[in-house]
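I begin with the ligand and then turn to the pockets.

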Amino acid sequence: MKIGILSAGGDCPGINATIRGVGKSAILEYGMEVVGINNGFSGLLYNDYIELTEQKLSGILTLGGTILGTSREKPFKKSDTDLVEDKPNEIVQNYHDLGLSALVCIGGNGTQKTANLLSQRGLNVIGIPKTIDNDIYGTEQTFGFDSALTIATEAIDRLHTTANSHRRVMVIEIMGHHAGWLALYSGIASGGDVILIPEIPFDIKVVCKVLAQRAKKGKPYSIVVVAEGIQNPSKRSAASYISKEIMKRTGLETRETILGYIQRGGSPSATDRILSTQLGTYAAKLIHDNNFGQMVSVKDGAITHLPLEEVGGKLRLVPKDFPLIEQAKRIGTSFGDSL
Ligand code: F6P
């Protein structure tokens, strides 16, 4: 049996650990042949691949990024610059020409959607959820999230000391796309005073009142953690919008930091290495069992799977009644929704 593995969409720590998990167990446990498809779905379109031997899979557990490269190629989305007329058809053809019996797609929401459409075209597909955003429907945790959380938390910790020295309000923008998971968790882990996430509509007047009250109480500085996806009527970044409003409305000296791609770079955390290994080896087992059209997932803390067609096109957002929000409010954290 020959299987293909690809990584698509934005990268994150843990992709190589996952490729290793799938590849090593496919080779060692099941005697399969493994092919790495380069640059996401582009590699399948243009026949760009490498053989993944046991040797090639060694030494990559701790490596950030993806040894296969990635791209945002969406074969089911037509664009004027397309070089190939019928991309889905080309991919199906190349999959067969390559002699693949299964394809493992490591990626976020867009990738799982494409994986499902390819599965509907008759390919044997397994999805593995990956993203720092933790927003994939059907799984409690995506690998990449824990590593990004560690990086973001450390960055916010560092802002505390410089904010204190200068008596400033620090606004830090955290990634997460349309979801607030990363901002919520890193904000709580680092003692943010205000946390703004897309799932909780905020009032800028409330945010400013909270900060003014803190200053009045003698608190020398404040930390405002902002998810990149918050409601933002300006054309500026979320951090820039919030920081300008705070400065204008309160007169407090305010600075902004956009953490950006630092959150996606570097070595995966221990938790992500373990999760990646669990998800990867589980994916190889699904292939061995001929159980296709599935996405590997975490449910009640255990590794399991669910049909890809249940995942595609849905987002996992922070529920309004998520217990962590209530707990944070009890220690005085503001979400900008009420005083
Ligand atoms: O999905 C991961 C993510 O880093 C999001 O948090 C962010 O909105 C997006 O990708 C950035 O995408 P790109 O790599 O295309 O700039």
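Tyr 261 places a polar side-chain atom 2.4 Å from an oxygen atom of the ligand. For Glu 228 I note 2.6 Å from a polar side-chain atom to a ligand oxygen, and for Arg 72 the corresponding distance is 2.8 Å. The ligand taken alone exposes 400 Å², of which the protein buries 73% (Shrake-Rupley method, 1.4 Å probe; for residues, only the protein chains shown count as cover).

The model is predicted: local features need pLDDT of at least 70, side-chain atom pairs count only at pLDDT 80 or more, and totals for chains, interfaces and linings use all residues. Residues are numbered from 1 along each chain as its sequence is written, and side-chain values use heavy atoms, with hydrogens and water left out.

I then listed the residues around the ligand (a heavy atom within 4 Å of it); among them are Thr 131, Ile 132, Asp 133, Met 175, Gly 176, His 177 and Arg 264.

Next I looked up the pockets. A pocket is an open set of points on a 1 Å grid over the protein atoms alone, where a 1.4 Å probe fits, with protein on both sides within 12 Å along at least five of seven lines; lining residues have an atom within 4 Å of a point. The largest pocket has a volume of about 630 Å³ (the space filled by probe spheres set on the points, which are joined across faces, edges and corners). It is lined by 32 residues, and Gly 10, Arg 72, Asn 109, Asp 133 and His 177 are the closest to its centre. Helix H4 (residues 109-120) supplies the largest share of this lining, 5 residues (helices are DSSP runs of H or I, at least four residues, numbered from the N terminus).

Where does the largest pocket lie relative to domain 1 and domain 2? Domain 1 (2-144 + 268-310) and domain 2 (149-264) both give residues to the lining, so the largest pocket lies between them; the domain bounds come from an automatic or database domain assignment.

For the second largest pocket I noted about 400 Å³ of space. Of its 19 lining residues, Asp 193, Val 210, Gly 332, Thr 333 and Ser 334 lie nearest its centre. Helix H7 gives the most to this lining, with 3 residues.

Notes:
Helix = DSSP H or I, 4+ residues; strand = E, 2+ residues; numbered from the N terminus. Polar contact = N/O pair within 3.5 Å; in protein donor to acceptor, adjacent residues only side chain to side chain.
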